[in-house]
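Open the model in your viewer and keep the selection tool at hand. The stops below go from a helix pair to a sheet and then to a pocket.

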Amino acid sequence: MMLTVRSYNNTLGCFPFRNLCHKGCRRKFITSSSTISAPKNQTDGQELLVVVGGGAAGIYGAIRAKTIAPHLGVLVIEKAKPLSKVKISGGGRCNVTNGHCPDKRVLANNYPRGSRELRGSFFNLHGPTDTMSWFSDHGVQLKTEDDGRVFPVSNTSSSIIDCLMLEAKRTGVLLQTGKVVTNASTTNTSRKFQIKIQKRTIDFVEYVEADYLMIASGSSLQGYNLATQLGHSIVDPVPSLFTFKIEDKQLAELSGITFPKVKVKLKLENLRRNIPELTQVGPMLVTHWGLSGPAILRLSAWGARELFGSDYQGKMFLHVNAGTLFVDFIPDTHIEDAKSILIKHKDHFAKQKFLNSSPSEFGIVKRFWKYVLDRENLDGDTLWASVSNNAIMSVASLLKQCPFGVKGKGQFKDEFVTAGGVPLSEISLNTMESKIQPHLFFAGEVLNIDGVTGGFNFQNAWSGGYIAGTHIGKQALDASQMQEAM
């Protein structure tokens, strides 16, 4: 048996897949073609899995399916470079997962979309510990940092990429890049998928018939279009995990200052219901355009839809040294204690200038201290001995409740995430298979699942890809055994 395979990039193995051309269609190939013989162990009846998307979920799922069912043909179609988000995540280190959430309920609470549904079997089937074990078993040493983020010991994402690519090659997964799946359909007489593939840079069209289809294309329109073509609905996608733009020239002058611990609460004018997650605690970074850091990113994730609905306009209140969650703007130091600290500082440093000396208990740098005084229109050249009680009250109040007008969003370039996608009610999280179309599977960000920063979005990809790959492999094994019995 001979077959024609078009030229492509990054081949990770070969198998004979069926090229179908609809009657009357005209295929134009500008690249050179090559002909190879099918491996002896391949037959015309071999089943094929097509994976749309060569990201974390797609590659991981493809490897798992091929591992479970070695006879299964597995083809991954990627429009750009495979594992591109893996490469840039975590500042180029790849935040593989989070190692501080062994309990699935605690883990699920880190997903603004999916927190309720993911408390079931999803992470039991393949959780963070399983992910870390998989990479360790495949030669990647991992480390867990103090905040729970897991990285390769090498501190480079290439360790993760090389591991996945080598395992894909070893198992016989085929990868084609620079191509887009533009159409997928089924017929009334066959449960197979008719898939249309186009090359992005030249006039190129081919048709493939697949027995299984996994859509793991992230937040691209490609995946959403394919899902709707096959009967699924889409929750409108909106940005998640982004920084806040703040119009404050004095704040911009503080760019680069990091606060180890702040409490941030977002208040939206038109929001009638209470959302506890719109209060977050964690580190915060001042940027030249506004505010960033883990606390801000988590807040943006939980408020993604509400912020989108308000056109990213709102008031945000920042709390240094956060305290109880029951009172909106209280730091670890109560307001009365803050006043007492300032009064004692006044007594001890009476002859120093207001600007040149701030209480060490607050742990704030001089640039930010100047910002506080300027915000309250206080003269920094005034001696502490002459600082009034009203001035002390205003400083204490601002440290506890400092309002900033949010004027828009900025993109968090290292880990851009989307809220929205295929509703979880339309798939089975035990298998990742569609409830609408048999043999159709989803994994990763194409689903209406998104996590906060810290490795949670990649864990969604690993878990979903693994579960989908497992069940595709099992179905392929069952089909093979049934065919042999016949």
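Start with α12 and α13, which cross in the right-handed sense. The model is predicted. Select residues 366–375 for α12 and 389–400 for α13: the two helices pack at an angle of about 115°, and their axes are 10 Å apart. To see the contact, show the side chains of F368, W369, V372, L373 and R375 on α12, then V395, L398 and L399 on α13. Coloured by class, this contact has seven nonpolar residues, one charged and no polar.

Next, the sheet. Three strands form an open sheet in the order β9-β10-β11, and the pairing is antiparallel. Select β9 (179–186) and β11 (205–210): each has a single partner strand and stands at an edge, so one side of each has no neighbour in the sheet. From one strand to the next, the twist averages 25°. Which residue of β11 stands opposite I195? Select V208 to see it.

The last stop is the second largest pocket, with about 730 Å³ of space. Its lining has 37 residues, and K85, S217, G218, S219 and E445 are the closest to the centre. Select α1 (56–68), β4 (73–78), α2 (84–92) and α14 (456–485), the elements that give two or more residues to the lining. The largest share, five residues, belongs to α2. By class, the lining divides into 15 nonpolar, 15 polar and seven charged residues.

How values were computed:
Residues numbered from 1 in each chain as written. Predicted model: local features only at pLDDT ≥ 70, side-chain atom pairs only at ≥ 80, totals over all residues. Heavy atoms only, no water. 1 Å grid on protein atoms, 1.4 Å probe; cavity = no way out; pocket = protein on both sides within 12 Å on 5 of 7 lines; lining within 4 Å. Points joined across faces, edges and corners; volume = space filled by probe spheres on them. Helix = DSSP H or I, 4+ residues; strand = E, 2+ residues; numbered from the N terminus. Nonpolar A, V, L, I, M, F, W, Y, C, P; charged D, E, K, R; others polar. Axes fitted to C-alpha atoms, helices over the stretch in contact; angles between N-to-C directions. Left-handed = near helix turned anticlockwise from the far one by under 90°. Contact = heavy atoms within 4.5 Å. Pairing = 2+ DSSP bridges.
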